[in-house]
Amino acid sequence: MDSAIAQKTWELENNILTVETPDPSSDSIFYYDEAAQAKFQQEKPWANDPHYFKRVKISALALLKMVVHARSGGTIEVMGLMQGKTDGDAIIVMDAFALPVEGTETRVNAQADAYEYMVDYSQTNKQAGRLENVVGWYHSHPGYGCWLSGIDVSTQMLNQQFQEPFLAVVIDPTRTVSAGKVEIGAFRTYPEGYKPPDDPISEYQTIPLNKIEDFGVHCKQYYALDITYFKSSLDCHLLDLLWNKYWVNTLSSSPLLGNGDYVAGQISDLAEKLEQAENQLAHSRIGPLGPPRKKLQEESQLAKITRDSAKITVEQVHGLMSQVIKDILFNSVRQSSRSQNDQSGPEPMIET
Amino acid sequence: MASSSSSGLTFKLHPLVIVNISDHYTRVKSQLSLPPSLTSTSSAATSNNNNNNSNGGENNQNPPPRVYGCVIGVQRGRTVEIFNSFELIYDPSTRSLDRSFLEKKQELYKKVFPHFYVLGWYSTGSDAQESDMHFHKALMDINESPLYVLLNPAINPAQKDLPVTIYESELHVIDGVPQLIFVRSSYTIETVEAERISVDHVAHLKPSGGSAATQLAAQLTGIHSAIKMLNSRIRVLHQYLVGMQKGICPFLVIVVQIKFSWNYVNI
């Protein structure tokens, strides 16, 4: 009984909506209604409300494509476009495709180069039966978190002037692999000079020291949207069956080995932040009338460093845990008390 | 028509291809049949000859549409790895493949994935048919021995196995006439870490973010389910071996290929 209660609490805590196996009629999301989309384009309800779009729904296919593309770039930023449609205050992303451009952080006008590719690709897609339009762009921030840099913000503001409705998505493939969950963020910028009425609390993420200034200057100019995912009934069915072959990969995955460089980078970054904090502390001791405000700031900086180090530790512990479990499972030679009716839980293998 | 492959090639399939094909099929199917919310008067507008339902909801008495496309990847030595796929335009009634479209798409994909090339084609359906051979032959001038990936989109809850089959073509002499026939090949699912995490994420809709406790719970649940699978598989083997010992089951040489990565035993 306890476990049932615990599960319910956990589900409530995390807002998990148990989706019943979707029946084919719920696949209606895949239907593209040309007339309704055109009407929405004309009405432009977003023109008056900068905070109009609040949610993003990403299809399983789009997510998979974007993450695989981002990871394939390694440490180089890659970018691509997303296709989809709108639905009230939600933007629906049905598909994504990669663009042959690299390194967007230094070029504001990267998208101009990719226009010809985009036009060609959209044309061929329409012929093949994918009727949706481009609704946004995505790019990767390998290793430094999901947020919009200064250049990203100006690109997105330009997009939101001329190509509405448009969405910006950022993926961090390195952190995805290291943390074992998908690191993704969807953003829209506010128009120039608009002050957001309230300060939305976004989930804290650690930013490396060399990027923190860029982050801080622009973080008020955009807001994050909620992301949910959807998949078709066939996708559900196939993914369930895929698990029959996939469990091997889950067991054999080892996050510790793949991300050695990234972890080393994180630790050195943490060391730099500690040094900076220490210097600040030394400075504040010099002035006898050190303003109390500085001390408060100092506290919060130390608190941030603590959080960062906790995060790194947690990830390492996860990796180590899976290794230990595997070790017990496969390497230890033990006699376990065998009963005819074995319980359903896993038990160590017996080697005689 | 399908016998086991003898070419000795090993096939590796990425989950992205499976999701790609499924998405292509779902799209085409939902575009042909209107969602139940729209009125039936507009159903006349759907010019598809298959669909004659006035509700436009389910079309279970009509044959589901077949979709066609191309699979791309790399072949290194004897291993063929299929990474990605894209749609193609093919008219089954006239049996004409839109060449210019194929070439255009190939060009576009080459720009972004310069290492991949066309390995074969895919389609949906329950079994490989004679008419598929035409498509297969049409692709032979791009790749002299293309693959045929067939996905069965029928959702059958009793199914235990992935409804995806890979066929190769072999030249066999039947009744004195050399013919190309499809032979089934086995394949494994191959993945990179990032792909695995996102498939996991979408398949089980795990919560992202949240406290450290929930993340830990999620990770341990994943490992637990994988270990349960391992346990059940080994149990099956064990039962069979016991049966063999008792003389119930026939003697078979069981080749147990435990293809785990070296991570396991060395650590």
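**View 1. An exposed threonine in a loop of chain A.** A:Thr75 counts as exposed because its relative accessibility is 74%, where exposed means over 50% relative accessible area, buried under 20%, and partly exposed in between (1.4 Å probe, protein chains only). The residue sits in the loop that links helix H3 (60-72) to strand E2 (78-87) of chain A. Helices (H or I, at least four residues) and strands (E, at least two) are DSSP runs, numbered from the N terminus. A:Thr174 is 99 residues away from A:Thr75 in sequence, yet the two lie 8.3 Å apart in space, C-alpha to C-alpha.

A word on the model before we go on. This is a predicted model, in which local features need pLDDT of at least 70 and side-chain atom pairs count only at pLDDT 80 or more, while totals for chains, interfaces and linings use all residues. Residues are numbered from 1 along each chain as its sequence is written, chains are lettered from A and ligands numbered from 1 in the order in which they are written, and side-chain values use heavy atoms, with hydrogens and water left out.

**View 2. Chain A as a whole.** Here you can find eleven helices and seven strands. Of the 352 residues of chain A, 48% count as buried. Among the contacts in chain A with a separation of 6 or more, 74% come from residues 24 or more positions apart; contact means heavy atoms within 4.5 Å.

**View 3. A helix of chain A meets a helix of chain B.** The axes of H3(A) and helix H1 (residues 15-32) of chain B cross at roughly 145° and come within 10 Å. Axes are lines fitted to C-alpha atoms, for helices over the stretch in contact, and angles run from 0 to 180 degrees between N-to-C directions. From H3(A), the contact is made by A:Ala60, A:Leu61, A:Leu64 and A:Lys65, and from H1(B) by B:Pro15, B:Leu16, B:Val19, B:Asn20 and B:Asp23.

**View 4. The open sheet of chain B.** Eight strands with mixed pairing form this sheet, in the order E9-E8-E7-E6-E2-E3-E1-E10. Strand E9 (177-185) and strand E10 (187-189) are the edge strands, each pairing on one side only. Two strands pair if DSSP finds at least two bridges between them. On average, neighbouring strands of this sheet are turned by 35° against each other, direction ignored. E1(B) joins E10(B) in the parallel sense over three bridges, with B:Lys12 bridged to B:Thr188. From the other chain, helix H8 (residues 233-252) of chain A lies across strand E7 (147-151) and E10 of chain B, at about 95° to E10(B).

**View 5. Strand E3 of chain B and its partners.** How many of the nine residues of strand E3 (residues 79-87) are buried? Eight are, and the strand is mostly covered. Strand E1 (residues 10-13) pairs with E3(B) in the parallel sense over four bridges, and B:Thr10 has B:Thr79 as its bridge partner. Strand E2 (residues 68-76) runs antiparallel to E3(B), joined by eight bridges; one of the bridge pairs is B:Gly69 with B:Glu87. E2(B) and E3(B) form a hairpin with two residues between them, and B:Gly77 in the turn has a positive phi of about 65°.

**View 6. Helix H3 of chain B across the sheet strands.** H3(B) lies across E2, strand E6 (117-124), E7, strand E8 (164-174) and E9 of chain B, at about 95° to E9(B). The buried residues of this helix (residues 132-139) are B:Asp132, B:Met133, B:Phe135, B:His136 and B:Leu139. They cover an arc of only 160° around the axis, so they are on the same side of H3(B); the arc is that of the directions from the helix axis to the C-beta atoms.
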